[in-house]
Structure formats: structure tokens, C-alpha cells
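Open the model in your viewer and keep the selection panel at hand. This tour goes one selection at a time.

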Amino acid sequence: MTRTLATFLAVVGLVLAPPAAASPEQILADRTAAWLEQLLHVPVPHQQIVPAAEENGQTWLAQSVPGEHRIEAVPWLIEEWSQMADPDEPQPAGAHALLHELLHLHHATVLEEGAVDAVALDLVAPWTQRFHGWGSITQRYGTGPDDAAYPDDVRLVRALSAAATDGRVRSTAARQWRRAFLVADDAGRHAMIETANARSRR
Ligand SMILES: [Zn+2]
């Protein structure tokens, strides 16, 4: 068989092969990414969920692999995401972890974990409302720093958002500021921090 024909057949085979059925957690992650995209008005890339390659010594439960559109997660967390696809009970911690990884949008470095985690916590209740129809139960999740994956960074981002707006961490204006901070690049984040600091000194 000529190389060209073999290549052609390989390509046809690739096109005709039935796609592997997506797992429940993958479907949930993709629907969540689409929801985030609508909410934030920025592209939220599709991320493939894969089991963490090896024991990582419990230093992390999940991580986004920069530039590879991949979320690696420990097996029990993937199992929890899989169960969350069938919404019979709220899983705020699982939703928090999924939102957190999907919100690593680009390669910003200025307070990246604080920005990501603050917005992830803000969105646990709306996410649960949207995907599970539960609201009040998760309303308290993430209001204190204890639920944060990066408590100090989240505290700082919340303080900046309050200083830059109306002084109230939970206000709509402060939440909007945190979203804007998340989607900003490093230069944008620096400028937002300076403005917040200038306002808090007045
Ligand atoms: Zn992170």
C-alpha cells in the first residue's frame, strides 16, 4: 500500500471511529466551563479530566496543567465529580475544586491562586443553584476563609475588592471586582491593586 493511501485510510478511520463516550465528570466539567464562559465573558478552555499520574503525597488534590488543557485530579475527587453529575445531594467542596481548576484561565501570576480561589468560592452557591437546584444549603460555604484552598491569598483579594469598591466584601460590586481581577492579565492586576491601595489610604 502506498504511503499516501495508508495515510488516507488512517485519516478516514480516525474520522469514522465513533467518539468515546464522555464520562459524567467530563460532561459536567464541559457544561461548567460553558456556564463560566457566559458568566465571565471570556473564553474558558475545555479541560480534559485525567487521573493524577502517581501518588503526589497529598500535596494537591487537583491541578490544571498550564497550556495543556488538562486537569489532573486524585481518583477520589474524580469519583466525587462523577457523582455530582447526578444531583441528589449538594457537594460544595467538590464544586469548589472543579470551579477552581477551570478558573485557571491564563498564565497570570499576580495573586493567581487568590484570584482563582476567591471567584471559585463566590461561585459555589450560584453553580449549585444552576446545576443542582439547591441554594440555601450551600449559601454559607466559602463565606469564611476556612473553606478556601488558599486562605491568606483569598483574604487579601477580598480585602482589595472591598477597598476598591464599597468597603463590603460580599457586595455585588466587590464580587464584580474580583471577577475583573481574575480575567485581567498581570499588568491589569497590578493596576487594580494600586487603585485599591490608593483608595484605602484616603
Ligand atoms: Zn489553583
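Which residues in H4 meet which residues in H5? Bear in mind that this is a predicted model. Select Pro92, Ala95, His96, Leu99 and His100 on the H4 side. On the H5 side, pick Val116, Asp117, Ala120, Leu121, Leu123, Val124, Trp127 and Thr128. Colour this contact by class: nine residues are nonpolar, three are polar and one is charged.

Now show the two helices whole. H4 covers residues 92–102 and H5 covers residues 112–131. They pack at an angle of about 130°, and their axes lie 8 Å apart. That angle makes H4 oblique to H5. The crossing of the pair is right-handed.

Next, the core. The largest nonpolar core holds 40 residues. Select Leu99, Leu103, Ala115 and Val119, which have the most contacts inside this core. H5 supplies the largest share, ten residues.

Stop at Val119. Leaving aside neighbours within four places in sequence, Val119 is in contact with Leu103, Arg178, Arg179 and Leu182.

Count eight helices and three strands. Trace them along the sequence, and the pattern is α-α-β-β-β-α-α-α-α-α-α. Of the 202 residues, 32% are buried. Among contacts with a separation of 6 or more, 58% join residues 24 or more positions apart.

Terms used. Residues numbered from 1 in each chain as written. Predicted model: local features only at pLDDT ≥ 70, side-chain atom pairs only at ≥ 80, totals over all residues. Axes fitted to C-alpha atoms, helices over the stretch in contact; angles between N-to-C directions. Helix = DSSP H or I, 4+ residues; strand = E, 2+ residues; numbered from the N terminus. Parallel < 35°, antiparallel > 145°, perpendicular 65-115°, else oblique. Left-handed = near helix turned anticlockwise from the far one by under 90°. Contact = placed C-beta atoms within 7 Å. Nonpolar A, V, L, I, M, F, W, Y, C, P; charged D, E, K, R; others polar. Core = buried A, V, L, I, M, F, W, Y, C linked by C-beta atoms within 7 Å. Buried ≥ 20, exposed ≤ 12 C-beta atoms within 10 Å, placed from the backbone.
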